[in-house]
Amino acid sequence: MAEQAAPLEPCRPLPPPPCADPSLGHETYVVQVPKDQIYRVPPPENAALAEHYRNQIKLRRQNRCPCFHVLKRLLLPVFLPLLLLTVAAIIFFACVRPTAPTFSVESLTVKKTSKSTTEYDFSVRVLNPSNRVGLSYAAGGHAVASHHGGGEFATGSTLGFFQPQGNTTDLKLVLRSGKILKATSKALWIKLTAKFSVNTKIGVLQLWRMSLDVSCDMKVTGIDKKARISSQDCNSKLHS
């Protein structure tokens, strides 16, 4: 039979520390640390390697051109505000960027004002869909009416007006020509184009100026009297 293992002796408590002499300024204690908690001391060559790396970093910093530090101190105060202003402008433009207004032609009236002049009055409805930005239209824009296959037949200028956000405005475009379209029972396709110069505004703050291009294709009947617009397709585009 295998020999029985001797019973383990219970751990004996450490003796209490000796009474310290009250005349001494400090006391001494003995602390016993378990063997499995004693960490290995790194070899001395590790300290030499770390010292070598530190010396290399110091050497690189010393060899760096001093003008780099001068430029960094001079340019950083300049470029940092510019960068912040650019970011703020991008965020602001993204928040208040105006939407192109929508156009529709309500009616067309043809009048013979003289022997040599015919007037084409286009009644146009304009909607500003933006809920933040108002639009100020400058007078003097160019408007042209043309028919498919025959080129332009009348020209005119746009009027100036201000359109608040979410507003619908009725606009009249008066175009004049030295010739009149021939009366016909067939429907005519007429193209109306206009170019506006528009200033964007938020309250009393005037922002930037933009160009607005408008194009409307209309199917018109009864051109000799009060014309009737049976169908149309209008497009508008805002650009800088």
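Author: One definition to begin with: buried means under 20% relative accessible area, exposed means over 50%, and partly exposed is in between, with a 1.4 Å probe and protein chains only. The model is predicted, so local features need pLDDT of at least 70 and side-chain atom pairs count only at pLDDT 80 or more, while totals for chains, interfaces and linings use all residues. Residues are numbered from 1 along each chain as its sequence is written, and side-chain values use heavy atoms, with hydrogens and water left out.

Reader: OK. Is K111 buried, exposed or partly exposed?
Author: K111 is partly exposed, because its relative accessible area is 37%. The side chain of K111 meets that of E119 in a salt bridge, 3.3 Å from N to O. A salt bridge here is a side-chain nitrogen of Lys or Arg within 4 Å of a carboxyl oxygen of Asp or Glu.

Reader: And E119, buried or exposed?
Author: E119 counts as buried, because its relative accessibility is 9%. Both residues also belong to a network of salt bridges that links K111, E119, D121 and R176.

Reader: How many salt bridges are there in the whole structure?
Author: The search finds six. One of them joins R125 and D170, with the closest N and O atoms 2.8 Å apart. R125 lies in strand β2 (residues 118-127) and D170 in strand β7 (residues 168-177), so this pair ties together parts that are 45 residues apart in sequence. Strands are DSSP runs of E with at least two residues, helices are runs of H or I with at least four, and both are numbered from the N terminus.

Reader: Which residue does K191 form a salt bridge with?
Author: With D217, at 3.4 Å between the closest N and O atoms. K191 is in strand β8 (residues 188-202) and D217 is in strand β9, so the two tie together parts 26 residues apart in sequence. K191 is partly exposed, with a relative accessible area of 28%.

Reader: New topic. How many aromatic pairs are there?
Author: Four. Y137 and F161 form a stacked one, 4.2 Å centre to centre with 15 degrees between the planes. Rings of Phe, Tyr and Trp (its six-membered ring) pair if their centres lie within 6.5 Å; planes under 30 degrees apart are stacked, over 60 edge-to-face, and the rest tilted.

Reader: Where in the chain are Y137 and F161?
Author: Y137 is in strand β3 (residues 134-137) and F161 in strand β6 (residues 161-163), 24 residues apart. Y137 counts as buried because its relative accessibility is 3%. Y137 also pairs edge-to-face with F196, at 5.5 Å centre to centre and 80 degrees between the planes. That pair links strand β3 with strand β8, 59 residues apart. Ring pairs link F103, Y137, F161 and F196 into a cluster.

Reader: What about the nonpolar core, how many residues are in the largest one?
Author: It has 35 residues, and F196 is among those with the most contacts inside it, as are L108 and Y120. Strand β9 (residues 205-221) gives the most to this core, with six residues. Such a core is a set of buried Ala, Val, Leu, Ile, Met, Phe, Trp, Tyr and Cys residues joined through side-chain atoms within 4.5 Å.

Reader: Last one. Where is V78 found?
Author: V78 is in helix α2 (residues 66-96). V78 counts as partly exposed, because its relative accessibility is 45%.
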